[in-house]
Amino acid sequence: MRFRTATTIIALAASAAFAQDSSWKLVWADEFDQGSAPNAAAWNYEHGFVRNRELQYYTKERPENVRLENGLLILEGRKERFPNAKHQAEATDWQRAPEFAEYTSGSINTAGKIAWQYGRIEVRAKLPAGKGTWPAIWMMGDKKANPAVRSWPFCGEIDIMEHVGKTPTNIHATCHWGVDGTDRKHRSKGGHTLNHDPKNTYDEFHVYAIEWDKDKIDFFYDDLKYFSFDIAQADMPDGSNPFRQKHYLLLNLALGGSWGGDMDDSALPARYEIDYVRVFEHK
């Protein structure tokens with residue numbers, strides 16, 4: 001995989017308004033245009049039933065679910081029976097009890113490999129359609145970059161984009177953080193923008209981005225800034241703040257689950273297409 005130079009990327013993105021702003025410089029990019037799979041130096045695979053009681057089983061290094069194709073990263077959700085490697089005969093929890101999954105999909109992240117604190121993070125992507133689909137672009141505090149990082153929600157979570165097929169006109173942005181010493185208790189604040197033509201969401205590529213500094217995180221859908229988060233809301237009594245530390249990036253296509261809802265199998269296979277990831281910092 002080739003990580004292009006700032007000169008090349010800015011030339012390619014010259015039509016974007018922010019690219020004309022000389023205060024930004026490119027510091028990292030993945031164009032997904034080399035090889036057949038994500039670069040192992042940058043990306044990890046999630047594996048198994050992971051969170052939110054979602055229906056899909058995330059597979060590892062399986063091109064049917066995660067691959068590079070014609071300069072795109074493809075995350076594909078499929079209706080298929082697949083063995084659960086974490087199955088335990090006596091287990092009762094939703095992650096280990098099933099012997100087989102009925103759906104598969106893909107999720108990759110940069111945890112422990114690449115993380116960022118502040119800047120502009122943008123992803124150009126085309127979303128899948130259909131009830132039950134739940135593509136996302138998001139970030140979480142990176143423990144390798146900061147060993148003091150605690151588990152979710154205290155690590156902080158920045159949802160650059162979430163879309164659930166059951167509400168096709170909504171593009172969501174949310175920040176999550178911990179509120180006290182009791183695990184799993186958290187606060188969240190977010191916003192959404194309306195695309196009154198859902199077909200436009202599914203048939204075209206759009207840029208989903210944040211611009212992040214020590215005071216705020218602004219969220220963008222193409223050139224539209226539709227939500228701004230005041231980071232001071234997450235200040236901790238000890239002076240720390242989960243949004244003033246390095247975060248890693250996640251790209252995934254979930255199916256069903258706590259927010260995705262019922263799965264419409266006619267929507268499958270579902271293709272989530274990512275053209276690039278680009279990270280900029282202020283000069």
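1. A charge counts as sitting over a ring if NZ of Lys or CZ of Arg is within 6 Å of the ring centre and within 35 degrees of the ring normal. By that test, the charged end of Arg81 sits over the ring of Phe100, 4.2 Å from its centre. Lys79 does likewise with Tyr103, its charged end lying 4.5 Å from the ring centre.

2. Some housekeeping: this is a predicted model, where local features need pLDDT of at least 70 and side-chain atom pairs count only at pLDDT 80 or more, while totals for chains, interfaces and linings use all residues. Residues are numbered from 1 along each chain as its sequence is written, and side-chain values use heavy atoms, with hydrogens and water left out.

3. On to the cores, meaning sets of buried Ala, Val, Leu, Ile, Met, Phe, Trp, Tyr and Cys residues joined through side-chain atoms within 4.5 Å. Buried is under 20% relative accessible area, exposed is over 50%, and partly exposed is in between (1.4 Å probe, protein chains only). The largest nonpolar core has 51 residues, and Ile217 and Phe219 have the most contacts inside it. Its largest share, five residues, comes from strand 17 (residues 270-282); helices (H or I, at least four residues) and strands (E, at least two) are DSSP runs numbered from the N terminus. There is also a second, separate core of seven residues, including Ala136, Met140, Val149 and Cys155.

4. What does Phe219 touch, not counting residues up to four places away in sequence? Its partners include Ile158, Ile160, Cys175, Leu224 and Phe229, and also Asp159 and Lys225. Contact here means heavy atoms within 4.5 Å.

5. Now the rings: the structure holds 13 aromatic pairs. Rings of Phe, Tyr and Trp (its six-membered ring) pair if their centres lie within 6.5 Å; planes under 30 degrees apart are stacked, over 60 edge-to-face, and the rest tilted. Trp134 and Trp259 are edge-to-face, at 5.7 Å centre to centre and 85° between the planes. Trp134 belongs to strand 9 (residues 133-141) and Trp259 to helix 3 (residues 257-260), so the pair links parts of the chain 125 residues apart. Trp134 is buried at 6% relative accessible area, whereas Trp259 is partly exposed at 27%.

6. Tyr208 and Tyr221 make a tilted pair, 5.6 Å centre to centre with 35° between the planes. Tyr208 is in strand 13 (residues 206-212) and Tyr221 in strand 14 (residues 216-221), 13 residues apart. Tyr208 counts as buried at 1% relative accessibility, and Tyr221 does too at 9%.

7. One more for the ring list: Trp28, Phe32, Trp43 and Trp116 form one aromatic cluster.
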